[in-house]
Amino acid sequence: MQSLSKAEKSYIQVGLLSSPPSRSDGRSLLDYRSVALETGVAPLANGSARVNIGRNANQAGGGTEVVAASKLEVESIDDDGGVEGGRIVCTVSCSPSAYPHLSSGALDDIQQDMTTILHQTLAHPSLHPNNLSILPRKKSWLLNLDVLVLADAGNVYDALFIAARAALWDTKVPRTRSVEYKARKTTGTKPGGTGDMDVDEETPSGFDTRQIQNATDFELPDYWDEGEVLDGREKWPVCVTLNLVPPVHYLDATGQEEAATPLRLLLMFTFPPNGPADVQAMRMLGPGELKITQLKDLIVTGEKYAHDLYHSLNVKLKEEDVRRNQKARDRFEQHR
Amino acid sequence: MTTTTTTNPASSSSLSKPEQDALKASIFQRLHPRVYLERFLAENVRPDGRSLGCNADSAWRDVSVNVGSISTADGSALVRLGGTTVVCGVKAEIAEPELDHAGDGFLVPNLDLPAMCSPRFKPGPPSEDAQVLSDRLNEALVVSNILPLTSLCIHPGKAAWVLYVDATCINYDGNVFDAALLAMVAALKNTTLPKATFDEETGRTTCSSSRKFRTPLGITRTPIAMSFGVFDSKHILPDPTSFEEPLLDTTVSILVDSSSGALISVSQLGLLDGDGDGDALLRTCIASAGRRRDVVAKYI
Amino acid sequence: MATQTGFDRRRINGPEESHPPTFQVEEDFESRRWKLGEPRRTRKSADIRPIFLQPGLIDQANGSAYVETERTKIACAVYGPRQSKNAAYNEKGKLNVEVKFTPFSCERRRAPMRDAEDRSIAVAIHQALVPSVRLELLPKSTIDIFVTIIEADGIEGCVASGTVAASTALADAGIEMLGLVISCAASVVGTEIWLDPTEEESRSSQGTLVLSCMPALETVTSVWQSGQIKIEKVLECMSACQERCIDVHSVVAQALVENL
């Protein structure tokens with residue numbers, strides 16, 4: 001967050017509190033800046049997205065810019081930390097150029113804080129997709145979601161969650177086919193063993209250089225698309241940050257506005273296909289305080305903003321799907 | 001410099017007479033710690049009210065030991081020595097023994113001096129004090145042979161217990177070595193291990209989750225430490241406080257076996273001059289430690 | 001993650017890697033385990049664990065407090081206000097919160113390194129406290145709050161009890177505040193709201209919420225929610241927590257008065 005002089009802070013606050021409210025860029029309190037979203041920006045990732053909030057239309061620069069990419073890795077359950085059903089690990093890193101005024105220690109801290117909020121929200125068991133399992137009790141997918149903040153011109157948390165949601169929406173889990181090897185009789189195998197016997201670790205495996213602990217493995221069949229989408233991808237949450245200058249609140253603060261705002265309320269909502277919204281996470285940031293009745297009203301109001309955001313985001317994501325699927329299909333045809 | 005004792009801070013005008021005196025004394029203590037201590041010792045008393053000689057029980061601070069209060073540890077102890085508070089927990093894990101000691105387990109003692117316990121310490125990796133103390137504590141447990149490492153073996157060459165003995169200082173009021181060793185020994189005595197079986201076919205060790213099958217460690221010796229500070233080459237200050245510690249010329253730590261009273265080790269940091277008769281000072285310390293043992297031994 | 005590795009020459013090192021023991025599953029484990037729909041076992045759903053609070057236990061610090069709620073045990077010390085280390089002029093004081101787990105505080109041994117969880121709890125406690133402290137009176141100064149978690153029973157409990165301990169320690173240090181900050185956790189289990197959940201209870205819940213407030217001013221300083229909770233349930237949790245905070249407030253105030 002940038003530092004402002006007292007006069008600048010008061011100028012911004014007076015503007016927000018006046019009637020009608022005035023913001024330096026002419027927006028009303030509940031207006032977002034323009035949001036640009038593109039999926040599939042990182043060809044080597046399993047899913048990716050780039051989000052820009054508030055790009056300057058004339059100069060093609062500025063704004064808060066976040067790139068998210070997911071990468072799937074195979075993990076053995078038990079041995080290297082894999083768990084039944086797979087797991088999700090989120091990491092946020094910030095480019096030093098996004099926060100040029102921060103020391104490297106302070107940069108580490110805000111990276112870690114963003115990582116914590118993103119990870120605690122997205123890796124919660126209530127959101128876990130069902131199709132990250134490969135072989136029961138043996139192999140599962142580890143989904144690494146890496147989010148990079150390239151520029152912060154305010155409202156970075158909303159941008160983080162939009163990018164994360166888009167990248168997860170875009171993520172394709174490769175199709176896997178289980179394979180059962182018939183183990184050759186070796187001296188290391190125990191008598192009485194049949195088809196799916198253990199291959200002793202000391203005896204060289206007769207199949208290939210990979211260590212095969214169990215006689216079952218999987219292969220990746222070749223197919224025109226990159227796999228199936230993550231199960232329940234509609235439910236990834238969106239975040240709205242309510243910036244509070246009591247008695248008013250406003251959305252999508254710029255960097256300067258953030259510096260002049262004593263309190264922010266982060267609300268993450270998920271929208272099940274039928275039924276009311278769920279609160280998926282909530283945080284307060286800043287030295288301000290609130291009456292509990294105000295807080296409750298803000299949560300209820302925040303859901304409406306989140307709902308609007310969720311819908312426009314979904315429309316855009318579906319457009320992107322169509323655009324990219326078309327491309328992928330064409331390319332596959334060419335290569336045949 | 002001497003004028004500092006006569007100047008009154010502006011804020012003290014609203015204080016009562018005894019409060020003003022207390023403030024003056026604490027300012028004097030901060031500015032001239034050495035003179036402050038000397039004046040007390042000239043009256044045959046220590047700043048915290050203990051009597052000077054090292055024979056009476058009142059030369060030591062009160063000690064209390066509370067074991068087994070931490071349920072996440074396999075054994076635990078909380079020790080108070082005057083104001084100094086140390087909590088110690090033992091966590092048992094399983095590892096493959098070292099190749100050259102196939103039948104031995106591991107005992108890994110560490111002391112943490114977090115920034116919480118004293119303004120002297122900063123948050124972050126272990127300070128020099130903590131490193132030195134951890135080393136001395138490890139040495140004390142090793143030389144006293146507190147428990148044979150072979151008793152931690154589950155299956156030779158394959159699996160053995162690792163006992164992580166982690167002590168954390170909660171309040172640092174001097175003589176943390178004695179307190180931490182007492183906490184570690186008490187926590188080890190409080191430790192029980194589950195029944196472990198090594199399966200040669202799978203190469204895995206499994207433990208019985210039943211409380212009944214937990215057994216205490218085979219502890220053979222219980223070392224306790226008694227430390228003394230020597231001030232001005234003549235005053236022996238048993239169990240020094242954090243105020244006295246930086247003023248000491250020498251620190252002497254006597255390690256004895258609490259049950260038999262046998263001397264395990266004597267360590268001395270700093271020159272022991274004793275006005276020409278250092279040996280006499282050392283003998284006094286050892287004799288005093290022998291008497292103190294009777295008091296401390298009751299707690300473990 | 002499964003094994004502990006890492007050699008550090010500043011510490012006494014154990015073997016290169018070691019594993020926590022694996023226990024056999026007891027036969028009656030499944031039948032004894034709590035299942036969704038059953039009532040809470042240890043206490044009523046709106047009850048919290050009894051609080052033991054002792055201010056001023058660490059005499060080396062300017063202020064301190066020790067708090068114990070059944071298995072959760074937390075010590076906290078406040079140093080300061082003291083001069084800020086960094087040279088930049090700051091018109092407001094800085095509140096610095098550091099949280100440390102003892103290696104034996106959890107079911108699995110924690111390597112003695114700062115990890116993400118320490119920081120996340122520190123951030124939560126910092127947010128809960130920062131609106132209450134009159135930092136505008138302390139230019140160029142830092143207040144250090146060091147929290148040591150001796151034994152943990154659930155993250156929510158650590159945040160809530162850590163906040164109460166830290167606010168008590170600030171009061172014990174005589175630092176000017178607008179009010180004492182009290183914190184209470186809630187978990188949603190099935191259709192019920194269980195206050196002050198243990199680790200096991202929060203694991204079997206859909207979501208948890210920690211509310212920190214200043215009961216004397218009736219204001220909220222922080223809300224920390226994770227999991228999946230319907231909006232009405234969230235509002236219900238907040239009311240339940242706030243009500244309980246008022247009770248805890250009197251306990252804390254009493255403990256501070258007795259310590260004078």
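The model is predicted.

## Two helices in chain B

Helix H3 of chain B spans residues 128-143, and helix H4 of chain B spans residues 176-190. They pack at an angle of about 50°, and their axes are 10 Å apart. H3(B) is therefore oblique to H4(B). Their crossing is right-handed.

H3(B) brings Leu133(B), Arg136(B), Leu137(B), Ala140(B) and Leu141(B) to the contact. From H4(B) come Val176(B), Phe177(B), Ala180(B), Leu181(B) and Met184(B). By class, this contact holds 9 nonpolar residues, no polar ones and 1 charged residue.

## Where the domains of chain B meet

Chain B splits into domain 1, residues 62-221, and domain 2, residues 222-300. Their C-alpha centres lie 24 Å apart. In the contact between them, domain 1 of chain B has 22 residues and domain 2 of chain B has 20.

Which elements supply the domain 1 side of chain B? Strand S1 (63-67), H3 and H4 of chain B each give at least two residues to the side that touches domain 2. H4(B) gives the most, with 7 residues. The domain 1 side as a whole divides into 13 nonpolar, 5 polar and 4 charged residues.

## An annotated region in chain C

An unreviewed UniProt entry lists "domain: Exoribonuclease phosphorolytic" for residues 48-176 and 179-239 of chain C. Over residues 179-239, chain C is 23% helix and 52% strand. The end C-alpha atoms of that stretch are 19 Å apart.

Definitions and conventions. Residues numbered from 1 in each chain as written. Chains lettered and ligands numbered in written order. Predicted model: local features only at pLDDT ≥ 70, side-chain atom pairs only at ≥ 80, totals over all residues. UniProt positions renumbered as here; feature names shortened; annotations may be inferred. Helix = DSSP H or I, 4+ residues; strand = E, 2+ residues; numbered from the N terminus. Axes fitted to C-alpha atoms, helices over the stretch in contact; angles between N-to-C directions. Parallel < 35°, antiparallel > 145°, perpendicular 65-115°, else oblique. Left-handed = near helix turned anticlockwise from the far one by under 90°. Contact = placed C-beta atoms within 7 Å. Nonpolar A, V, L, I, M, F, W, Y, C, P; charged D, E, K, R; others polar. Domains from an automatic or database assignment.
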